[in-house]
Amino acid sequence: MQFPPELVSEWIDTNSRVLDLGCGDGSLLTQLTEARQIRGYGLEIDPDRIATCVSKDLNVIEQNLDKGLDNFADNSFDTVFMTQTLQAVHYPDKIIDEMLRIGRQCIVSFPNFGHWRCRWYLGTHGRMPVSKYLPYTWYNTPNIHFCTIRDFEKLCGQKDINILNRVILNQQNKPSPLGSLWPNLLGATAIYRISRS
Amino acid sequence: MPDTIAANSVGLVEPRTCHFDEPLVLASGRVLNQYDLCYETYGELNADKSNAILICHALSGDHHAAGYHSMDDAKPGWWDGYIGPGKIIDSNRFFVVCPNNLGGCSGSTGPSSINPDTGEVWGSSFPLLRVRDWVNAQAQLSNYLGIKCWAAVIGGSLGGMQAMRWALEFPDRIKHCIVIASSMGLSAQNLAFNEVARRAIETDPNFCNGDYQKHDTIPGNGLALARMIGHITYLSDDAMGQKFGRNIRSGSFSLGQDEDVVFQVQSYLRHQGEAFSGNFDANTYILMTKALDYFDLAREYDNDPVQAFSHAQCHFMVISFSSDWRFAKERSRDIVNALIAAGKNVSYGEIESDVGHDAFLLPNARYEELFQRQMDKIFQQTEEHNNAVPS
């Protein structure tokens, strides 16, 4: 998905160092390179996506996030991104700690499992939600750690993490004024900019 | 031997030899006043000379990377699977150059050549070489061929070490560096294997302290043994298991039989050792393993690989193989981490393979795909460069 361009210009400095965890086909890195001439690296494990990134002339490193990030030094990046990947890692809390160690600021986005459609699906069907946006069934999903917006903010509170910004997107991936009123019910995706306190 | 030459082969090729009269000062302080480099080329150099690719060979390789020398050849060049028209290193797109390294035994000046100062075979008096000496000699060859900047320098194993050294020594003469199954320095275990291989040669009674040619003999048994040891380390346990298992070549375990039993793997290794010792020079083998041992990318940079790589300007691609225990993937990751810390452009792929270190020479769909994407990109860049130059 396209990262909201207005957030890129607001949050990302020109020529800054960016690490993208789970960079996929490299669309975010491409967007940031075009908009902000960042010096970026993406971590990915899917062979096809790695090949796609190579063709796009991006720096892509084959590395499994679940095996740790201790090869990256403290404060070695200006921004560490993890978009739509938090729910797929084995230890989301540990990876957030690691992101905050490596990056001056971190940007995390994830699908909000507290969204009314998920609640409605579970409430009426009594089964795990399956939709266009979450197309997997429970046994084959890569998404093993779903959370809600409230869950995420609780974790930030426990870890004493600074929430610098929060942006709520609707199902069309557009910033949603309604979602900002009742984020945990109406927000489809949440984007957080966080830092250490 | 080929009955017909396949359409995607570079076909029949002829090695060339270039003689250099300008003295080469070696890392050891010694000087080679003159030397020959034997090399092969595939494809055509384009108008602005931007499509040249340098292939650096590994321990027992040479300049014959692709095609055939004659229709009687049993096998094509050592990287024929990857070099040729329409192949990954596409000779329709690139001008591919592969030299035999200095100290080699396939045509370039080495221990088995005649020392012009004495008129006798160099033998034990041939100077020890380091990877940087090869790179300096390759740079002289580049000058001779009129290549100011390589579109890419590519090497596997010991060849990868040369490619990295190019990136540090001649940062403005290399656009892409592709480092496959390599390392910034050998591990203690690797040093140990090389020492065993050298001792096998040196303790052969025919070695004569390296001057065996003067005594009209060769330390064939020692060299064969050295190759057998090396060969074991280039394969994985799985690969050997699949290829040979406990299959028996001759003899039998039936009760009442006292005939010696020879396993398939024994006969395979003996054959490899014997074939190699008939074709390769023992002093060259010692020289090449020492160059491997001595290589330490960051030695001259405060032993700091990040500082070392900060001198590079090219784009890197690093590739490792899961079952390679001779040049383990962790050593490739070390390279990648240093490059990232130095802020250099790098991509890294870790290829699933069960064939060990030799994987970089063999077919593998994932490896080929990644390598192909990189070479496509490099070709596009040379095209853009070429089109930008007014004719």
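The model is predicted, and every value below is computed from it.

H3(A) passes H10(B) in a right-handed crossing. From H3(A), the contact is made by A:Pro47, A:Ile50, A:Ala51, A:Val54 and A:Ser55. H10(B) brings B:Arg366, B:Glu369, B:Leu370, B:Arg373, B:Gln374, B:Asp376 and B:Lys377. By class, this helix pair has five nonpolar, two polar and five charged residues in its contact.

Two further helix pairs lie within chain B. In one of them, the axes of helix H3 (residues 188-202) and helix H7 (residues 282-294) of chain B come within 10 Å and cross at roughly 160°. An angle over 145 degrees counts as roughly antiparallel, and that makes H3(B) roughly antiparallel to H7(B). The crossing of H3(B) with H7(B) is left-handed. H3(B) contributes B:Leu191, B:Asn194, B:Ala197, B:Arg198 and B:Ile201 to the contact, while H7(B) contributes B:Ala282, B:Tyr285, B:Ile286, B:Thr289, B:Leu292 and B:Asp293. These residues divide into seven nonpolar, two polar and two charged.

The other pair is formed by helix H1 (residues 131-145) and helix H2 (residues 158-169) of chain B, with axes that come within 9 Å and cross at roughly 70°. Angles of 65 to 115 degrees count as roughly perpendicular, so H1(B) and H2(B) are roughly perpendicular to each other. Their crossing is right-handed. On H1(B) the contact is made by B:Val131, B:Arg132, B:Trp134 and B:Val135. The partners on H2(B) are B:Met161, B:Gln162, B:Arg165, B:Trp166 and B:Glu169. Five nonpolar, one polar and three charged residues make up the contact of H1(B) with H2(B).

Now to the interior. In soluble globular proteins, nonpolar side chains tend to be buried together. The largest nonpolar core of this model has 153 residues. Those with the most contacts inside this core are B:Ile53, B:Ile55, B:Val96, B:Val153, B:Ala163 and B:Cys177. Leaving aside neighbours within four places in sequence, B:Ala163 is in contact with B:Cys56, B:Val153, B:Ile154, B:Gly155, B:Cys177, B:Ile178 and B:Val179.

Two residues of chain B show how surroundings can be described. B:Phe95 is found in strand E8 (residues 95-99) of chain B. Because B:Phe95 has 22 other C-beta atoms within 10 Å, this residue is buried. Beyond its neighbours within four places in sequence, B:Phe95 is in contact with B:Thr41, B:Gly43, B:Glu44, B:Leu45, B:Asn51, B:Ala52 and B:Ile53. B:Glu330, in helix H9 (residues 329-341) of chain B, is exposed, with 10 other C-beta atoms within 10 Å. The C-alpha atoms of B:Glu330 and B:Ser183 are separated by 8.9 Å, although these residues are 147 apart along the chain.

Finally, the backbone of chain A holds two details worth a look. Most residues other than glycine have a negative phi. A:Asp160, although not a glycine, has a positive phi of about 60°. This residue lies in the loop between helix H6 (149-158) and strand E6 (161-169) of chain A, and A:Asp160 is exposed, with 8 other C-beta atoms within 10 Å. A:Asn173, not a glycine either, has a positive phi of about 65°. A:Asn173 sits in the loop between E6 and helix H7 (177-181) of chain A, and counts as partly exposed with 15 C-beta neighbours inside 10 Å.

Definitions and conventions:
Residues numbered from 1 in each chain as written. Chains lettered and ligands numbered in written order. Predicted model: local features only at pLDDT ≥ 70, side-chain atom pairs only at ≥ 80, totals over all residues. Core = buried A, V, L, I, M, F, W, Y, C linked by C-beta atoms within 7 Å. Buried ≥ 20, exposed ≤ 12 C-beta atoms within 10 Å, placed from the backbone. Contact = placed C-beta atoms within 7 Å. Left-handed = near helix turned anticlockwise from the far one by under 90°. Helix = DSSP H or I, 4+ residues; strand = E, 2+ residues; numbered from the N terminus. Nonpolar A, V, L, I, M, F, W, Y, C, P; charged D, E, K, R; others polar. Axes fitted to C-alpha atoms, helices over the stretch in contact; angles between N-to-C directions. Parallel < 35°, antiparallel > 145°, perpendicular 65-115°, else oblique.
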